[in-house]
Amino acid sequence: MDLNKLSIKEKNNLLNKRLNLLKKTIKENKKDLNLLKFSIGNSKLKKDTLIFDLPAGKTCPGAKNCHSWVNIDQYGKRSIQDGYFTDFRCYAASQEVLYTALYKKRLHNLNLIKAALKEDQKQNSFFSDTALLILRSIEQYETKKIKKVRVHSSGDFFNMAYLDSWVAVAKIKPHLKFYFYSKSLNLFLNKKLPSNMFLTASYGGLYDHLIKDNFNRYAVVVYSKSEAYTLGLMHIGEGYHIDKDDSSCFINKPFALLLHGSQPKGSTAAQALSKIKKDKVKT
């Protein structure tokens with residue numbers, strides 16, 4: 001079938017047929033092992049939020065200041081590896097060293113996504129296998145209580161085809177808010193996102209130079225409340241608000257995130273984290 005010769009109405013009918021078949025399949029097989037794994041809420045986010053993750057670092061082509069990832073030796077032991085420019089260690093990467101189930105869950109997601117993207121390259125499909133995979137997986141977890149989808153509390157958009165798959169899903173799920181931080185900012189230049197997708201540009205990456213002229217909402221990691229205030233005065237004429245629950249991801253202005261997670265012993269980041277904990281500052 002040559003999709004380019006179809007009218008918009010014919011394309012929509014084809015899409016609706018695929019979606020109806022998809023919903024029927026989901027009902028018949030609620031626990032499909034070949035679906036992506038999401039979590040629902042955490043200590044920071046409410047139970048109305050689905051959370052999707054990929055392995056940290058290795059799926060973050062735009063990372064720089066926080067670039068860390070997991071290495072596995074010949075005995076299967078995991079350890080953390082910091083990048084050459086790493087100033088502070090990625091919290092998500094540290095988690096993957098500590099928690100085997102978490103590491104396997106994120107790796108499972110990446111393997112499925114990569115396989116779907118590979119299939120997409122083989123065929124000219126109006127609606128990609130990757131988008132269908134994401135959609136099917138969300139359908140498995142979605143209830144009436146779910147209002148938001150946090151994409152990548154670990155990982156990032158690693159190519160345009162992958163990003164386009166999430167955009168397609170967001171268009172089909174207009175009642176859900178899809179939001180994310182990203183350092184892969186080169187992918188978002190001149191990219192029109194649906195109104196229910198919320199990008200927060202993340203400072204500390206290879207594409208920081210794109211932020212000032214292209215992204216109104218961005219986040220910067222700070223080592224203290226005073227740094228948030230000082231940097232904010234320098235950048236926007238007022239202190240940065242320190243976000244603690246991702247609520248700032250839906251407001252069209254920049255904000256700060258306080259350093260958290262484990263940091264390399266003796267590093268400036270480790271000293272700052274020690275002071276944050278000593279002062280009992282909530283992150």
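A charge sits over a ring if NZ of Lys or CZ of Arg is within 6 Å of the ring centre and within 35 degrees of the ring normal. Lys-177 meets that test: its charged end sits over the ring of Phe-250, 5.2 Å from the centre. Lys-64 lies over the face of Phe-85, at 5.2 Å from the ring centre.

The model is predicted, so local features need pLDDT of at least 70 and side-chain atom pairs count only at pLDDT 80 or more, while totals for chains, interfaces and linings use all residues. Residues are numbered from 1 along each chain as its sequence is written, and side-chain values use heavy atoms, with hydrogens and water left out.

Start with the whole protein. It has eight helices and nine strands. Helices (H or I, at least four residues) and strands (E, at least two) are DSSP runs, numbered from the N terminus. Of the 283 residues, 46% are buried. Buried means under 20% relative accessible area, exposed over 50%, and partly exposed in between (1.4 Å probe, protein chains only). The protein exposes about 15900 Å², by the Shrake-Rupley method with a 1.4 Å probe; for residues, only the protein chains shown count as cover. Carbon and sulfur atoms supply 52% of that area. Contact means heavy atoms within 4.5 Å. Among contacts between residues at least 6 apart in sequence, 59% join residues at least 24 apart.

Now turn to the aromatic rings. Rings of Phe, Tyr and Trp (its six-membered ring) pair if their centres lie within 6.5 Å; planes under 30 degrees apart count as stacked, over 60 as edge-to-face and the rest as tilted. The whole structure holds 16 aromatic pairs. One of them, Phe-157 with Tyr-162, is tilted, at 5.7 Å centre to centre and 45° between the planes. Phe-157 counts as buried because its relative accessibility is 0%. Tyr-162 is also buried, with a relative accessible area of 0%.

Phe-198 and Phe-250 make an edge-to-face pair, 5.0 Å centre to centre with 75° between the planes. Phe-198 lies in strand S7 (residues 197-202) and Phe-250 in the loop between H7 and S9, so the pair ties together parts that are 52 residues apart in sequence. At 16% relative accessibility, Phe-198 is buried. Phe-250, at 24%, is partly exposed. Phe-250 is also the ring under the charged end of Lys-177. Elsewhere, Phe-38, Phe-52, Tyr-141, Trp-166 and Phe-178 form one aromatic cluster.

Next comes helix H7. H7 spans residues 225-236, twelve in number. From first C-alpha to last it reaches 16 Å, close to the 16 Å expected at 1.5 Å a residue. That expected span is 1.5 Å times one less than the number of residues. Ala-228, Leu-231 and Gly-232 are buried in H7. Seen down the axis, the buried residues of H7 fall within an arc of 105°, so they line one face of the helix. The arc is that of the directions from the helix axis to the C-beta atoms. These buried residues pack against strand S8 (218-222) and strand S9 (255-258). The face turned away from the buried side carries the exposed residues Tyr-229 and Met-234. Gly-237 follows H7, and its phi is positive, near 85°.

Finally, look at Asp-120. It lies in helix H3 (residues 100-122). Asp-120 counts as buried because its relative accessibility is 17%. Leaving aside residues up to four places away in sequence, Asp-120 touches Ser-128, Asp-129 and Thr-130.
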